[in-house]
Amino acid sequence: MEEKRKVKRDEVNPMGYYESEHTKNVRDWKEVFDFLIKDPTFLPASPELEDDEMRTLSNQWPENPPQFREVCQEYARELEKLGYKLLELIALSLGLPSNRFNGYFEDQLSRMRLNHYPPCPCPELALGVGRHKDAGALTIVTQDDVGGLQVKRKSDGVWVPVKPTSNALVINVGDIIQVWSNDAYESVEHRVVVNSERERFSIPIFFFPSHYVMVKPLEELVNEGNPPKYKPYNFGKFIAARNRSNFKKLEVQNIQISDFKII
């Protein structure tokens, strides 16, 4: 804990260690360590559209374990390659050139997270992560064999466990792919449950585009028969609003892509 405290994050720089994150205004039963893929990177200082101020985000690395930084960065580089490959395949599946999405990630806000879910004495009263959809384009998750990730089945609203598969990665389509594809792809609602006996670890990488990207349905995919279903929104401002609700309970639900839905 002494080492963790040295790299504890705050509202100014949300990179590093944290143990009291909120999802949809409910505190999660977990502790995390976050780091950027591109360091440093830049994010709007506030969600207000008229505010042009930017702030710098930078990684905080602990001195111990000694190889921690090197191992994390090497792993992140490999997952970044996989992320680009998946984006290429998604583009091709939509009838677009394979590199259609690449330009959105030149100054990417992508980040990797180490999640630790301790045993919970009353697991029926807590969630490791509350129900939510991922704000980015893709999330690639490595998980151990404990299990706890669940996705919500659309047909009946039942929460279905995503059983751990050895040497496999879980891929979540995020909100941005849903908007870019004009609902051809759909972001999956998911949560993490905890248990009273075993701790759980997972490592997601969140693929976020550059802060200045205006997210909207791609022009090649909309026409008279398939008009745009979302108004454009600035991704940096969107994440700035989301970050604000991660740290403290707000009176209103955090921002969602449904706020930009047209039809």
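Let's start at strand S4, where Glu31, Phe33 and Phe35 point one way and Val32, Asp34 and Leu36 point the other. In a regular strand, side chains alternate between the two faces of the sheet. All six of these S4 residues are buried, meaning under 20% relative accessible area with a 1.4 Å probe and protein chains only (exposed is over 50%, partly exposed in between). S4 is thus a mostly covered strand, with 6 of its 6 residues buried. Strands here are DSSP runs of E with at least two residues, helices are runs of H or I with at least four, and both are numbered from the N terminus.

A word on the model: it is predicted, so local features need pLDDT of at least 70 and side-chain atom pairs count only at pLDDT 80 or more, while totals for chains, interfaces and linings use all residues. Residues are numbered from 1 along each chain as its sequence is written, and side-chain values use heavy atoms, leaving out hydrogens and water.

Now look at the partners of S4. Two strands pair if DSSP finds at least two bridges between them. Strand S1 (residues 16-18) runs antiparallel to S4 and is joined to S4 by 3 bridges, with Gly16 opposite Asp34. Strand S7 (residues 111-117) is also antiparallel to S4, through 6 bridges, and there His116 stands opposite Glu31.

Next comes the interior. A nonpolar core is a set of buried Ala, Val, Leu, Ile, Met, Phe, Trp, Tyr and Cys residues joined through side-chain atoms within 4.5 Å. The largest one has 48 residues, of which Phe101, Phe105, Trp180, Val215 and Tyr233 touch the most other members. Elements that each supply at least two of its residues include S4, helix H2 (68-93) and helix H4 (235-247). H2 gives the largest share, 8 residues. Leaving aside neighbours within four places in sequence, Trp180 is in contact (heavy atoms within 4.5 Å) with residues including Phe101, Phe105, Val215 and Leu221. A second, separate core of 8 residues includes Tyr117, Val129, Val170 and Val192.

Finally, there is an open sheet of 4 strands, in the order S8-S13-S10-S11 with antiparallel pairing. Strand S8 (129-132) and strand S11 (159-161) stand at the edges with a single partner strand each, so one side of each has no neighbour in the sheet. S8 pairs with strand S13 (residues 190-192) over 2 bridges, and His132 has His190 as its bridge partner in S13.
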